[in-house]
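Here are my notes on this structure for someone who is new to it.

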Amino acid sequence: MPKSLFLNSAPPLMRLFIASAMALTVSAHAMAVSSPQSTTTPLSEEGNYGKTCNPNEAMIASTRHGDENSDPVITCSSYAPYGVTGTMSNYKTPEPERGDDIYGNWSSAINEGKPSGHTYTCPEGTLMTGIKHLDDENGPTYYRCSAFSINGVVQKLRPGTVLKFPEDDHEKSCPAGQVMIGRSHLCDNDDKCDEEASSTYTCGYVRAL
């Protein structure tokens, strides 16, 4: 029976009691609705992430769904152009205090969200084997590059496919035969240089052995 008919069929005193009980129930329900909870993390932890490929592996793919608090998933793989597996090594004298090792060197800090955006390309003869970022979407980003050799000979990697995507929503992989050698974070307009702006990865390849 509809509530209005039920109330009208009840004696006056009963109608007053029922109406009061219904009002109390609605009020109690409103008080029980939980308020939105903050998902903001402390600045010291916000947006921090890092990925270093295993020895003799290079970055080949990146996936991210979410803002600066959602870490990207970086995929690495061994690189074997034309079926010949290569090896990674540092391309300059390692500085252990910066995290360098015998497999690669870290770049200096690059501001992720500076007004002009930024572009980083691994030095000639190297490919990308790691990335790390500190603080929020405007914090510093570091890139790790490694010399790529086949049978002891350092190989030149040529720019190939460029992958462009929204930084906060992407699943991108270099084509077969290519690995990552550079990254850019772009300013789509004057006031949008954050994690919603576009990024690119430049994939590279060895032309011939």
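1. Asp-100 is buried, yet it has no salt bridge, and the nearest side chain of opposite charge, that of Arg-98, is 5.1 Å away. Buried here means under 20% relative accessible area, with exposed over 50% and partly exposed in between (1.4 Å probe, protein chains only). A salt bridge is a side-chain nitrogen of Lys or Arg within 4 Å of a carboxyl oxygen of Asp or Glu. As for charge, Lys and Arg count as positive and Asp and Glu as negative, while His and the chain ends are not counted.

2. A word on the basis of these notes: the model is predicted, so that local features need pLDDT of at least 70 and side-chain atom pairs count only at pLDDT 80 or more, whereas totals for chains, interfaces and linings use all residues. Residues are numbered from 1 along each chain as its sequence is written, and side-chain values use heavy atoms, with hydrogens and water left out.

3. What does the side chain of Asp-100 meet in a polar contact? The side chain of Asn-105 joins it at 3.3 Å, a polar contact being a pair of N or O atoms within 3.5 Å (within protein, one must be able to donate a hydrogen and the other to accept it, and residues adjacent in sequence count only if both atoms are side-chain atoms).

4. Asp-100 is placed in the loop between S4 and S5; strands (E, at least two residues) and helices (H or I, at least four) are DSSP runs, numbered from the N terminus. Leaving aside neighbours within four places in sequence, Asp-100 is in contact (heavy atoms within 4.5 Å) with Thr-93, Pro-94, Glu-95, Asn-105 and Trp-106.

5. Arg-98 forms a salt bridge with Glu-95, at 3.9 Å from N to O. Arg-98 is partly exposed, with a relative accessible area of 29%, and Glu-95 is partly exposed as well, at 27%.

6. Asp-101 forms a salt bridge with Arg-144, their closest N and O atoms being 2.5 Å apart. Because Asp-101 lies in the loop between strand S4 (87–89) and strand S5 (105–106) and Arg-144 in strand S9 (residues 140–150), the pair ties together parts that are 43 residues apart in sequence. Asp-101 is partly exposed, at 29%, whereas Arg-144 is buried, at 2%.

7. For the protein overall, there are two helices and 14 strands, and buried residues make up 37% of the 209 residues.
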